[in-house]
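Colleague: Before I look at single residues, I would like to learn how to read the packing of helices and the order of strands in a model. Could you take me through it step by step?

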Amino acid sequence: MKIVIVGGVGGGMSAAARARRLSEDAEIVVLDRGEHVSFAGCGLPYHVGGEVPEGDLLVQTPASLRASLALDVRTRHDVVALDTAHRSLTVRTPDGEEQIGYDALLLSPGARAVRPPVPGLDSPRVRTLRTIADARELRAAVQGGARHAVVLGAGFIGLEAAEALASQGVDVTLVETAGHPLPPLEPELGTLVADELRHLGVTVRTGVAATAVTHGTDHDVVDLGDGTRVDADVVVLAVGVRPDTDVFADAGIVVEGGAIVVDERGRTSADGIWAVGDATVSTDAVTGSRRPVALAGPAARAGRIVADQILRPATARPLPTALGTAVVRVGELTAATTGAHRTALTRAGIDHRTVHLHAAHHVGWFPGAEQIHLVVHVGTGDGRVLGAQAVGRSGVDKRIDVLATAIRAGLTADDLVDLDLAYAPPFGAAKDPVNLAGMVAANTLDGTLRLWYAEDVDQVLGTALVLDVRSADEVAQRHLPDSLHVPHTELRERLDEVVAAAAGRPVRVLCGSGVRSHLAHRILDQAGLDSASLSGGMLTLQAVLATRGSDLGGLLVAAEPALVH
């Protein structure tokens, strides 16, 4: 059997290696238009920042792949046409065009950087960060004296590029059309990422887009939609990617939104052709929505599975649905996500509850405890874990990995409570943040805990009594206007004051992170009051209000509350 694979790196090379392990008799040809067929694309920003030498990014070469796996790897071979009827590819090579036939064809073409219709993007100072050559050129620009950079797009690559450039002393402006960096994050977590970027010296411009790049003699100028202009010695284009599928769509392969449609076995609409990776449509494991997932892990795993589908289909597993689990470093912070976020759940019509936690990554009394800001979504009806996100300085990746596993396994909030996770003081707690998330979610689902949310603060201020159960020192620093301050330890003795101040209105309780307000809510609820606890407390409220602009939206005040007793 002759297996031809179009595109190397994650999906293509994973399939090629697996195919060889399954069959010594197969002829396996890998075609890649680039110079390098097996490199660590995720490490490109770290080369720009000087952390990783270029050579370390080169995982394999055509020579090493031939020696170890007997693969025929051909770089600078660009597929320009596909004839599905005759099972033949037209390939542009350094020596001219040639025809290559196949018995089985695997498409792993990846994706190209999106180039929005912005005048001036043809400037030689505008760069992408998709290949070894891209990273080499960008690092050379920095070493050659570039001191002002504009990064367009604050997704994963944009954030990593901004961090890398800032670490080299470059003055970086990060531009994002969404309201906060890393748009897949919930806004209350995105603001934490924005704060860390500013701490790194990055100027963060959100809610605005580039409208033009004006070419200059020694630098360019990037015009933004709000009328401001930013000097740039280099512009990094990181606004997203699109599947690189035009050749295959022209050949009649069915695509959806530009991505190749595959079934659960990775098969395309054409006989004898499979596809994997960034250029294929994936089905979301939680919402059922269909979209490409441009992540290395899913591509590599899919490549392995499709090799099985080609060579031993009777026992091969189907392709898994996508969770989109991802993690990124931003300065000293880690931000990670898995499963669906609120907008996706709402769009899909999935009824859910959201809980916020700010737990320490290991026991607080052991030196070095760091807070993890955690958001978890669970299904209202069945309690299944639907999505989770976290930001913090330590322990974030571990918790998101556990929650990704929980989503894949269909676990519920109660199951999170029961997870037997490793504990020793330097590593965690007897009640791990994942366990705590399950406890809070389970309490919410069974009615033990009723929550109110920071985004509803304006409505709450107009219709309810806000009861602040923090300490006097905390309240003096920042509080909501017209709130009643009663420390949670005094609440039982001062219930009459709360009833009188409420005057028949609901009582909405808040504290620092949601723990003390939960205790207060239980007291109020059992006293017959209409009570709810602020999810995530003042920490989450401040993050949400920060999305409104300066001075935390002008809502929090730093004077004595009107109703302090």
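Predicted model: local features only at pLDDT ≥ 70, side-chain atom pairs only at ≥ 80, totals over all residues.

Colleague: How are two packed helices described?

Modeller: Two packed helices are described by the angle between their axes together with the distance between those axes. Here helix H1 (residues 9-22) packs with helix H9 (residues 296-311) at an angle of about 40°, and their axes are 7 Å apart. That angle makes H1 oblique to H9, and the crossing of H1 and H9 is right-handed.

Colleague: Which residues in H1 and H9 meet?

Modeller: From H1 they include Gly10, Gly11, Ser14 and Ala15, and among those they meet in H9 are Ala299, Ala300, Gly303 and Arg304. The residues of the contact of H1 with H9 divide into seven nonpolar, four polar and three charged.

Colleague: Turning to the sheet, in what order do the five strands form it?

Modeller: The five strands form an open sheet with parallel pairing, and the order is S30-S34-S33-S31-S32. Strand S30 (451-452) and strand S32 (484-485) are the edge strands, each pairing on one side only.

Colleague: How many bridges join strand S31 to strand S33, and what lies across them?

Modeller: Strand S31 (residues 465-468) and strand S33 (residues 507-510) run parallel and are joined by four bridges, with Asp468 standing opposite Leu510 in S33. Helix H16 (residues 495-502) lies across S31, S32 and S33, and H16 runs at about 150° to S31.

Technical notes: Residues numbered from 1 in each chain as written. Heavy atoms only, no water. Axes fitted to C-alpha atoms, helices over the stretch in contact; angles between N-to-C directions. Helix = DSSP H or I, 4+ residues; strand = E, 2+ residues; numbered from the N terminus. Parallel < 35°, antiparallel > 145°, perpendicular 65-115°, else oblique. Left-handed = near helix turned anticlockwise from the far one by under 90°. Contact = heavy atoms within 4.5 Å. Nonpolar A, V, L, I, M, F, W, Y, C, P; charged D, E, K, R; others polar. Pairing = 2+ DSSP bridges.
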